[in-house]
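Welcome, and thanks for taking a look at this structure.

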Amino acid sequence: MMVEDFGPAWKPGRFELGTDGPRTILAGVDGSRTSMRASAFAAGLARRQASRLVVVYVASPSVWAAMSPAPAGEAIQQVVNSIAAEVRSSIQERSEELGVPIRFLVRAGDPFDGIKRSATEVQADMVVVGASESAGHRLIGSLASRLVRSGLWPVTVVP
């Protein structure tokens, strides 16, 4: 797992579930248009609520990548690194103008488990994700619907 902090230092107070407004907002990103809109929404909300923003990118290499020859595995890792670098760059560009503490996490594994684990670790008060653009998710359920069904935090799904 990789962790980077941007913006002003965050001074956590006493944790209290259910306070007036979210103190820590977690945004899950994967490089898609909807996830980048979700992170922008979460950043604006964090600025207005004087909250901390945690942006998490969960790299989920497929089973096929694990079974593929080394060159294909390296190409997949380059894509993962490229998406993480793009998100990091976007955070660095906007961190000063937002004026909120931002933590960027990169994890590997299943996106649902990675977001759930990250939200629990940072004691998130809400989770923001982008709506799925995949037609297959209508049949098996999307990450957003799985997060909502977990019932652990308020979840905002940004189209």
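## A briefing on the fold

Ala 50 is exposed, because its relative accessible area is 70%; exposed means over 50% relative accessible area, buried under 20%, and partly exposed in between (1.4 Å probe, protein chains only). This is a predicted model, in which local features need pLDDT of at least 70, side-chain atom pairs count only at pLDDT 80 or more, and totals for chains, interfaces and linings use all residues. Residues are numbered from 1 along each chain as its sequence is written, and side-chain values use heavy atoms, with hydrogens and water left out.

**The chain as a whole**

- The protein chain has six helices and six strands; helices (H or I, at least four residues) and strands (E, at least two) are DSSP runs, numbered from the N terminus.
- Along the sequence, these elements follow the pattern β-β-α-β-α-α-β-α-β-α-α-β.
- Of the 159 residues in the protein chain, 38% are buried.
- Among contacts between residues at least 6 apart in sequence, 81% join residues at least 24 apart; a contact means heavy atoms within 4.5 Å.

**The sheet**

- Six strands make up an open sheet with mixed pairing, in the order β1-β4-β3-β2-β5-β6; two strands pair if DSSP finds at least two bridges between them.
- β1 (2–6) and β6 stand at the edges with a single partner strand each, so one side of each has no neighbour in the sheet.
- On average, neighbouring strands of this sheet are turned by 20° against each other, direction ignored.
- β2 and β3 pair in the parallel sense over six bridges, and Gly 28 has Val 56 in β3 as its bridge partner.
- β2 is mostly covered, with six of its six residues buried: Thr 24, Leu 26 and Gly 28 point one way, while Ile 25, Ala 27 and Val 29 point the other way.
- β5 (residues 126–130) and β6 also pair in the parallel sense, over four bridges, and Val 127 stands opposite Val 155 in β6.

**Helix α1 and what follows**

- Helix α1 (residues 33–49) has 17 residues, which at 1.5 Å a residue should span 24 Å, and this agrees with its end C-alpha atoms being 24 Å apart; the expected span is 1.5 Å times one less than the number of residues.
- Among the buried residues of α1 are Ala 38, Ala 42 and Leu 45.
- Thr 34, in helix α1, is buried because its relative accessible area is 6%.
- Leaving aside neighbours within four places in sequence, Thr 34 is in contact with Gly 130, Ala 131, Glu 133, Val 158 and Pro 159.
- Ser 39 is also found in helix α1 and counts as buried at 14% relative accessibility.
- Ser 39 touches Ala 27 and Val 29, not counting residues up to four places away in sequence.
- Ala 50, which follows α1, sits in the loop between α1 and β3.

**Helices α4 and α6**

- Helix α4 (residues 111–121) lies across β2 (24–29), β3 (52–59), β4 (102–108) and β5, running at about 140° to β4; axes are lines fitted to C-alpha atoms, for helices over the stretch in contact, and angles run from 0 to 180 degrees between N-to-C directions.
- α4 and α6 pack at an angle of about 45°, with their axes 10 Å apart.
- The contact between them is made by Pro 111, Phe 112 and Ile 115 of α4 and Leu 143, Arg 146, Leu 147 and Ser 150 of α6.

**A buried tryptophan**

- Trp 153 is in the loop between α6 (143–150) and β6 (155–158), and counts as buried at 11% relative accessibility.
- Leaving aside neighbours within four places in sequence, the residues in contact with Trp 153 include Lys 116, Ala 119, Met 126, Val 127 and Leu 147.
- Trp 153 and Lys 116 are 37 residues apart along the chain, and their C-alpha atoms are separated by 9.6 Å.

**Positive phi angles**

- Most residues other than glycine have a negative phi.
- Ala 50 has a positive phi of about 55° although it is not a glycine.
- Gln 123 has a positive phi of about 55° and is not a glycine either.
- Gln 123 is found in the loop between α4 and β5, and is partly exposed, with a relative accessible area of 40%.
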